[in-house]
Amino acid sequence: MKKVLAVLLAMAMMMAAMAGCGSGEKEETKKPAETAAGTEAAGTETKAEEGTEAPAAKDGKKEVAVLIGDMTATYASWLVQSFEEIAADYPELNVTIIDNKNSVETQVANLENCVTKQYDYVIIQPIDNEALVDPINQTIDAGIPVCTVNGTNEGSELASCVDCDPVQQGSIPAEVALKNLPDDAKVVVLLGPSGNVHSIGRREGFQKTLFDAKPGIEILDEQIANWYKDEGMALMENWLQKYERIDAVISMNDAMALGCIEAAKSVGREKEMTYYGVDGLADACLSIQDGELTATCVQNAYAQAEASLDIASRVLKGEIDHETNLVDGELIDSSNVAEWIEVHTKNGQIQ
């Protein structure tokens, strides 16, 4: 059934192209060739996708596409490195990693291409969970199983899901902030992209554990910085000029918090406040070691990639239809940061 549906879809796309479809739509179908990036690893292809032909058979291997949201994001980079390494443990799978450049349109187009090319399985790190519900369901309806990684499968319950509990992720560093901050603390808050389930959940965790417990804390400002260090830095530069007192930076990820630290260091105010993030990335661990970032919650990209490929393998063997796996978060602070620096050194994130 999968192959029949895929062939029908391919015929429809060819007929549409012959009929003179708009150039914008045809350009979208070519974007995977422009956005795929990375390096090859054993059992893994990280290459451009071209045309609408099915992936070439390789010794009977199953074809698995991994659609990464944005490889320039630090966490996504760790996720890609993990997929490349772990793929060697699954010789029956040919894993192709595709960068979607933080574009929902590109990610939707790549899902459509996965159907056209008759991939056997798709793992997707959703850029916008809500916007991708229908495309993911359409991929499943075409006979291709899907697993979301680092994103919810809400609305696509027939998809597998590997993720962390974002509320727990926010609550873990919030417990440290609860101990450190005075009842009348003044803080700034940085959020991820609008609508992002992880940003929303982590913010809820901070609310329940910190702000509800200490209602006297004043949130001076709360802004979206889209997970990026430079956007966090720009916001912090403005806040430092506007506010004489800032007791803490509450960030929904590490990169934005590190941007705030850089901004504070540039004007000699970094020691006036404490900093809290989420992800447990290599740069964050080094910052904790240097006495800058106060605490973070690790979101283990290696564990998520490992669980995703395990599910893909078992689904393709017919052992399960779909499965949800939530990986626990863990606090990283000065007491255990050396352990995580060793982890990131081994996985190549720290040279």
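This is a predicted model: local features need pLDDT of at least 70, side-chain atom pairs count only at pLDDT 80 or more; totals for chains, interfaces and linings use all residues.
Let me begin with helix 6, residues 166-180: its 15 residues reach 22 Å from the first C-alpha to the last, close to the 21 Å expected at 1.5 Å a residue. The expected span is 1.5 Å times one less than the number of residues. Helices here are DSSP runs of H or I with at least four residues, strands are runs of E with at least two, and both are numbered from the N terminus.

Residues are numbered from 1 along each chain as its sequence is written, and side-chain values use heavy atoms, with hydrogens and water left out.

Helix 6 bends by about 25 degrees at Ala174; the bend is the angle between axes fitted to the seven residues ending there and the seven starting there. Among the buried residues of helix 6 are Pro166, Gln169, Ile172 and Val176. Buried means under 20% relative accessible area, exposed over 50%, and partly exposed in between, using a 1.4 Å probe and protein chains only. The cover over these buried residues includes helix 7 (197-211), strand 10 (274-276), strand 11 (296-298) and strand 13 (330-332).

Strand 10 leads us to the sheet. Four strands form an open, parallel sheet in the order 8-7-9-10. Strand 8 (218-224) and strand 10 are the edge strands, each pairing on one side only. From one strand to the next, the twist averages 15 degrees. Strands count as paired if DSSP finds at least two bridges between them; strand 9 (residues 248-251) and strand 10 have three, in the parallel sense. Val249 stands opposite Tyr275 of strand 10.

Helix 8 (residues 229-242) lies across strands 7, 8 and 9, at about 155 degrees to strand 7. These angles run from 0 to 180 degrees between N-to-C directions, with axes fitted to C-alpha atoms, for helices over the stretch in contact. Contact means heavy atoms within 4.5 Å.

Finally, the whole chain. Its secondary structure comes to 12 helices and 13 strands, and buried residues make up 53% of its 351 residues. Of the contacts between residues at least 6 apart in sequence, 76% join residues at least 24 apart.
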